[in-house]
Amino acid sequence: MTLRTPVRVALTGAAGNIGYALAFRIAAGDLLGSRQPVILHLIEVEAARRPLDALVMELDDCAAPLLHDIVATTDLDEGFGDVDWALLVGARPRRQGMERSDLLRVNARIFATQGQALERAAKRQVRVVVVGNPANTNALIALSHAPHLNPHHFSAMTRLDHNRAVSLLARHTGHHAHQVRGVTIWGNHSTTQYPDLHHATVAGRPALELVEWAWYTQTFIPEVQQRGAKVIEMRGASSAGSAANALIDHVQTWAYGTPHDDWTSMAVLAEGSYGIAGGVFYSFPVTCALGEYELVRGLEISSFSRERMEATDRELRRERDQVRDLLGPALG
Ligand code: NAX
C-alpha cells in the first residue's frame, strides 16, 4: 500500500475535553483515511503544558502507523506552521458570574490572534474549522484577521447539531440514521439554531408526513436546540465524544464529499443566499466535493422556517455587533 505525503493538522485546545477525544482518532486515521499520514500540531496555552505533554506521551504509546510526527507547542506560529487543516477547538469556558457578552469578547480576542497567526504561518490553502464557542462569531473574527486566506476555506461546526437532528428523527420514526436525508441546521450554533425538516426524508418518504407537526415544533426543535445543555446537565461536562465525532465528520465530508443524494450543514460566510446578508457565519445546507463546499440552492422556505431563520440571523448580528471593534482588516 502506498502512503501519501503527510498532511499537517493543527488542533487548538488539544489537552481539553474534545481535544483528548479527538487526538487519538486522528492518530488512528479516522480523520483523513487509512492511507493518509498525519503530522499533528497540538496547540495549548502555557497553563495546560503538563496535560499537553502527557497527551504526547500517550500518543507516542499508541505507536500509530499513520502518525508521522507530533508538534506540541504553545507558540501559534510554530503551531500553525505550514498546516493544511486548522481545527480551532480551544476557547475560554464560561465561568460563574461571567456574562455571555464578556465571554464573547474574551474569545473574540483569542480568535483574532489565531486568525493573524494562520495568516502568517499556515499554508495558503489551509482549511479552518471553528468549534470553540461562540463558534460562528469566532470564525468570523478569525477570518477577518486573515486577509490572504480563502474566505471559503473558513467554517464553523454545526455538524453535531446536524447529527443530533438526524439521529432524533431516525429514532422517532423507527428507522436508522443512514436512512435519513436532507436535514438542515440553519443559523447559529446556539439555542436559536433552526433544525429544519421541511426537505428531509426518511427511507425515501417526506419526514413531515411521518411525524406529527406538534412533535416537530414542540419536541424535535427544542430538543435539538438544547441537547448540548442536557448533556452538560447529565454528564457534568460538555459533549466531548460526540463533538469530536462531529468534527471528524465535518472534515471528512468537506475533504471527500457528500453522498450524491444528501447534504450536510456547515456554518460558512453568508453572501446573501436565502435572504441572509453577508457579514456573519451562518449554517446552511451544503454539498461538498474535492475540498470545496457549495450551498444547496433553490429550497423552498415556508413562512414558519423564514421566521426561525431570521431569529437566529438576528442573534448572529447582535453577537457580531458586540465584537465589531475586534474585526480585522479582511472584513472590518
Ligand atoms: P475544555 O475546557 O475541556 O478544553 C478547552 C481547552 O482549550 C483547554 O485545554 C484550554 O487550555 C484550551 N485553550 C483555551 N484557550 C486556548 C488558546 N487561546 N489556545 C489554545 N488552547 C486554548 O473544553 P472542551 O469541552 O474541549 O470544548 C472546547 C470548545 O468547544 C468550547 O468552547 C465549547 O463550548 C465548544 N463546543 C462546541 C461545539 C460545537 O458543536 N461547535 C460542541 C461541543 C463544545 O461545547
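With which side chain does the side chain of T264 make a polar contact? The partner is the side chain of R159, at 3.2 Å; a polar contact here is a pair of N or O atoms within 3.5 Å, where within protein one must be able to donate a hydrogen and the other to accept it, and residues adjacent in sequence count only if both atoms are side-chain atoms. This is a predicted model, in which local features need pLDDT of at least 70 and side-chain atom pairs count only at pLDDT 80 or more, while totals for chains, interfaces and linings use all residues. Residues are numbered from 1 along each chain as its sequence is written, and side-chain values use heavy atoms, with hydrogens and water left out.

**Around T264**
- T264 sits in strand β12, which covers residues 264-269; strands are DSSP runs of E with at least two residues, and helices are runs of H or I with at least four, numbered from the N terminus.
- T264 counts as buried because its relative accessibility is 4% (buried means under 20%, with a 1.4 Å probe and protein chains only).
- Beyond its neighbours within four places in sequence, T264 is in contact with R159, H162, T253, T258, F284, P285 and V286 (heavy atoms within 4.5 Å).

**The whole protein**
- You will find ten helices and 14 strands in the protein.
- Of its 332 residues, 54% count as buried.
- Of the contacts between residues at least 6 apart in sequence, 74% join residues at least 24 apart.
- Along the principal axes, the C-alpha atoms fill a box of roughly 50 × 50 × 40 Å.

Technical notes
Buried means under 20% relative accessible area, exposed over 50%, partly exposed in between (1.4 Å probe, protein chains only).
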